[in-house]
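Please keep the sequence and the 3D view open while reading.

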Amino acid sequence: MKNLVVSMLAIASISVLSSCSNESDVIDEVTGGNQDKVEIKVAAGVLKAETKAPVDGTDPVEVSILRKDGADTWGSTPIKVNITANTNDLFSGSPQYYETDATKNAFFIGFYPGTASGTTVTFTDQDGKQDVLLSNELNAGNRTTPATSPTLTFKHKLSLIKFTFIKGASFPADDQVTSVTLKGADVPATMSLADGSFTWANKATAGISAFTSGTYNIVENNTTTINNEDALMIQPGEPITLDITTKNNGNFTVDNVKIGTTDGQVTEAGKQYNIKLTFSKKSVSATATIEGWGEAIDGSGTAE
């Protein structure tokens with residue numbers, strides 16, 4: 001009987017010790033020891049964030065964030081985030097944690113829109129109406145040495161073009177612009193995450209239609225610019241030619257629109273340009289100024 005009691009006590013003792021050990025292991029995995037989960041907190045900023053509607057202040061949604069750890073390659077499944085003004089916790093909806101291996105730093109990079117394969121982002125259905133955003137590559141540090149105030153800052157990679165139509169003194173009243181086709185600059189086909197460079201969609205020669213949503217009145221001393229949805233976001237750094245059709249007075253061409261007062265000056269990435277087109281009886285003159293994304297720069301162009 002004594003042997004039986006001793007055996008039962010021994011089994012009970014082993015069971016208790018085993019139970020304590022298992023509970024301790026679970027606690028260590030989550031809240032103690034070297035297995036602590038250390039959450040990554042990243043802020044995000046966008047330089048005047050615009051998406052499909054380029055100039056109305058809309059916050060971008062479904063922005064893609066890729067992650068890699070240490071010398072790994074970029075992950076193939078992006079983290080989707082929405083960015084609002086002064087976002088100070090980018091991953092609030094999809095918490096990110098440092099690797100337990102403290103030698104592996106966490107890296108992040110963000111882009112919008114498009115789909116990434118390796119280091120190449122591919123765009124579909126580009127018609128000049130889509131903004132393209134790319135962030136810096138962020139080294140967020142590791143679980144023992146996290147980065148101080150890590151931030152992803154997104155920049156616009158294209159130039160934004162809008163138009164204002166003005167009636168000159170000799171131009172007939174009651175006319176309307178029915179179409180504007182921009183030539184010379186292109187829209188993106190792919191973008192490299194490594195250096196932000198593009199391949200282009202070969203639309204520069206045929207041109208990109210600025211608007212198809214209706215017509216715009218040609219009014220003397222006009223201060224009204226085309227609607228946001230009719231703006232274009234295009235390849236920077238290329239000379240621009242405009243083919244314009246009006247309802248009553250036919251076709252006009254503005255060759256090599258000048259940006260600024262210096263010949264050969266062209267648009268820059270991340271800046272918004274308003275091209276003011278003044279119609280006279282036989283020609284259209286153009287002045288281009290930068291608004292919104294940079295300091296104003298005057299420019300001019302004429303056509304017969």
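Ser149 is found in the loop between strand E10 (138–139) and strand E11 (151–156), where helices (H or I, at least four residues) and strands (E, at least two) are DSSP runs, numbered from the N terminus. The model is a predicted one, in which local features need pLDDT of at least 70 and side-chain atom pairs count only at pLDDT 80 or more, while totals for chains, interfaces and linings use all residues. Residues are numbered from 1 along each chain as its sequence is written, and side-chain values use heavy atoms, with hydrogens and water left out.

Although Ser149 is not a glycine, its phi is positive, at about 50°. Its relative accessibility is 62%, so Ser149 counts as exposed; in this scheme buried means under 20% relative accessible area, exposed means over 50%, and partly exposed lies in between (1.4 Å probe, protein chains only). Asn202, which sits in the loop between strand E15 (198–200) and E16, is another residue other than glycine with a positive phi, here near 60°, and with 71% relative accessibility Asn202 is likewise classed as exposed. For background, most residues other than glycine have a negative phi, and most peptide bonds are trans.

## A cis peptide bond

The peptide bond that leads from Tyr112 to Pro113 is cis, with omega near -15°. Pro113 belongs to the loop between strand E6 (106–112) and strand E7 (115–117).

## The chain as a whole

The protein chain contains 1 helix and 23 strands, and buried residues account for 41% of its 304 residues. If one takes the contacts (heavy atoms within 4.5 Å) between residues at least 6 apart in sequence, 68% of them join residues at least 24 apart.

## Nonpolar cores

A nonpolar core is a set of buried Ala, Val, Leu, Ile, Met, Phe, Trp, Tyr and Cys residues joined through side-chain atoms within 4.5 Å. The largest such core has 29 residues, and those with the most contacts inside it are Phe163, Phe165, Leu242, Ile244, Leu277 and Phe279. Several strands each supply at least two residues of this core, including E12 (159–167), E19 (240–246) and E21 (272–279), and the largest share, 4 residues, comes from E21. A second, separate core of 19 residues includes Ile40, Val63, Leu90 and Ala106.

Strand E21 has 6 of its 8 residues buried, so it is largely enclosed by the rest of the structure. E12 and E21 run parallel and are joined by 8 bridges, where two strands pair if DSSP finds at least two bridges between them. The bridge partner of Phe163 in E21 is Ile275.

## Aromatic rings

Across the whole structure there are 10 aromatic pairs; rings of Phe, Tyr and Trp (its six-membered ring) pair if their centres lie within 6.5 Å, and planes under 30 degrees apart count as stacked, over 60 as edge-to-face and the rest as tilted. Phe165 and Tyr216 form a tilted pair, with 5.9 Å from centre to centre and 45° between the planes. Phe165 is in strand E12 and Tyr216 in strand E17 (residues 216–217), so that this pair links distant parts of the chain, 51 residues apart. Both Phe165 and Tyr216 are buried.

The centres of the rings of Phe252 and Phe279 are 5.5 Å apart and their planes stand at 90°, so this pair is edge-to-face. Phe252 in strand E20 and Phe279 in strand E21 are 27 residues apart, and both are buried. One aromatic cluster is formed by Phe163, Phe165, Phe171, Phe211, Tyr216, Phe252 and Phe279.

## Two partly exposed loop residues

Thr215 lies in the loop between strand E16 (208–209) and E17, and with a relative accessible area of 40% Thr215 is partly exposed. Although Thr215 and Gln176 are 39 residues apart in sequence, their C-alpha atoms are 6.2 Å apart in space. Neighbours within four places in sequence left aside, Thr215 is in contact with Gln176, Val177 and Thr178.

Val219, in the loop between E17 and E18, is partly exposed as well, with a relative accessible area of 38%. With the neighbours within four places in sequence again left aside, Val219 is in contact with Phe165, Ile166 and Lys167.
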